[in-house]
Amino acid sequence: MELKGKQKERRKAERKLKRKLKKAMLLFLGLLACLPLLAACGSPEEEALCLRVGASITPHAEILRQAETALAEQGITLEIVEFTDYVQPNLAVESGDLDANYFQHRPYLEQFNQDNGTHLRAIAELHYEAMGIYKGRLSSLEELYDGASIALPNDATNEARALLLLAANGVIRMREGADLNATVLDIAENPYNIEFIEMEAAQIPLSLQDVDFGIINGNYALQAGLNAAEDAVASEAPDSEGARSYANVLCVKEGNEENEAILALIRALSTEELRSYIQENYGGLVVPLF
């Protein structure tokens with residue numbers, strides 16, 4: 001009986017080992033299948049012909065895709081890596097995992113460098129996105145009541161921009177001299193005793209049902225399927241400080257400003273065809289700057 005028990009245990013162990021070997025083989029074959037793809041955009045001999053660019057899903061990645069054909073004709077493969085936050089794409093450019101990114105405006109980039117000790121440079125201003133005050137539980141600024149709630153982006157530059165937009169629409173009054181570094185502490189008058197809820201910019205469209213209004217960056221409004229004409233009660237004016245200051249830029253790490261593939265990308269993103277694409281597809285919410 002003891003011998004039979006040992007034989008049973010041995011067979012059980014052999015079956016377990018076979019399963020492990022099968023899994024390992026499948027994993028190995030999967031890696032082999034990926035090798036051609038990795039080599040196409042990662043081998044040393046082709047490094048200069050491949051551009052890895054991080055971007056917000058919309059409109060940045062969509063705009064970048066319009067440049068793929070023009071770059072391919074020059075022997076450059078454009079690999080677009082999509083992000084849903086404002087931190088990782090900058091860290092990836094700093095580390096060298098990405099060659100460039102396209103998602104942010106210049107004030108945010110400058111603040112990011114200051115806060116994180118990074119060495120990132122804006123090399124082209126491509127478009128501007130109007131920030132808007134979007135409907136939540138209320139549908140008009142005339143419905144504001146004492147203690148109403150408004151969600152604001154919690155990063156420094158976009159919070160200031162949101163506060164200036166509220167001031168331009170008479171919701172609050174900022175102290176004299178308040179600029180793009182302003183915070184809620186710079187509010188001089190808050191007649192409605194607004195409760196300002198600071199949160200990550202990407203989360204505001206998902207939280208509109210919990211606040212009276214939300215102030216949303218253009219790319220996140222697009223990503224959430226919001227329509228500025230129908231869902232926003234106010235937007236930045238084309239001649240506002242925000243419109244003048246918050247151009248969305250192509251960003252690289254210091255030292256890569258003259259990379260030939262990067263310069264080719266800038267040219268591909270500055271054509272009349274691309275201008276027409278932006279004007280036709282984003283209903284005025286995205287404004288080309290080239």
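User: Which residue forms a salt bridge with D186, and how far apart are the closest N and O atoms?

Analyst: Side chains of opposite charge can pair when their charged atoms come close. In this structure D186 forms a salt bridge (a side-chain nitrogen of Lys or Arg within 4 Å of a carboxyl oxygen of Asp or Glu) with R175, and the closest N and O atoms are 2.5 Å apart. The pair links distant parts of the chain, 11 residues apart, with D186 and R175 each placed in the loop between β7 (173–174) and β8 (187–189). This is a predicted model, in which local features need pLDDT of at least 70 and side-chain atom pairs count only at pLDDT 80 or more, while totals for chains, interfaces and linings use all residues. Residues are numbered from 1 along each chain as its sequence is written, and side-chain values use heavy atoms, with hydrogens and water left out.

User: How many salt bridges does the structure hold, and which parts of the chain do R65 and E82 link?

Analyst: There are nine salt bridges in the structure. One of them joins R65 to E82, with the closest N and O atoms 2.4 Å apart; R65 belongs to helix α2 (residues 57–65) and E82 to strand β2, so that pair links distant parts of the chain, 17 residues apart. Helices (H or I, at least four residues) and strands (E, at least two) are DSSP runs, numbered from the N terminus. R65 is partly exposed at 35% relative accessibility, and E82 is likewise partly exposed, at 37%.

User: What do R137 and D212 tie together?

Analyst: The side chains of R137 and D212 meet in a salt bridge at 3.3 Å, N to O. Because R137 lies in the loop between β5 (132–135) and β6 (149–153) and D212 in the loop between β9 (195–199) and β10 (213–216), this pair ties together parts that are 75 residues apart in sequence. R137 is partly exposed, with a relative accessible area of 46%, whereas D212 is buried at 2%.

User: What is the strand order in the open sheet, and which strands stand at its edges?

Analyst: Strands of a sheet pair through backbone hydrogen bonds, either parallel or antiparallel. The open sheet here has six strands in the order β2-β1-β3-β12-β4-β13, with mixed pairing. Its edges are β2 (77–83) and β13 (286–288), each of which has a single partner strand, so one side of each is left without a neighbour in the sheet. Neighbouring strands are turned by 35° against each other on average, direction ignored; axes are lines fitted to C-alpha atoms, for helices over the stretch in contact, and angles run from 0 to 180 degrees between N-to-C directions.

User: In which sense do the strands of this sheet pair, and over how many bridges?

Analyst: Two strands count as paired if DSSP finds at least two bridges between them. Strand β1 (residues 50–56) pairs with β2 in the parallel sense over seven bridges, and S56 has F83 of β2 as its bridge partner. β12 runs antiparallel to β3, over four bridges, with Q104 partnered by V249; β12 is also antiparallel to β4, through seven bridges, and there L120 stands opposite K253. Six of the seven residues of β12 are buried, so this strand is largely enclosed by the rest of the structure.

User: Which residues of helix α5 are buried, and what covers them?

Analyst: An α-helix has 3.6 residues a turn, so residues three or four places apart point the same way. In α5 (residues 106–116) the buried residues are P107, Y108, L109, F112 and N113. Their cover, judged by contact (heavy atoms within 4.5 Å), includes α4 (88–95), β3 (100–105), β4 (120–129), α6 (156–168), α9 (241–245) and β12 (247–253). After α5 comes G117, with a positive phi near 65°.

User: How many residues of α6 are buried?

Analyst: α6 is mostly covered, with 10 of its 13 residues buried, including E159, R161 and L164. Just after α6, G170 takes a positive phi of about 75°.

Conventions
Buried means under 20% relative accessible area, exposed over 50%, partly exposed in between (1.4 Å probe, protein chains only).
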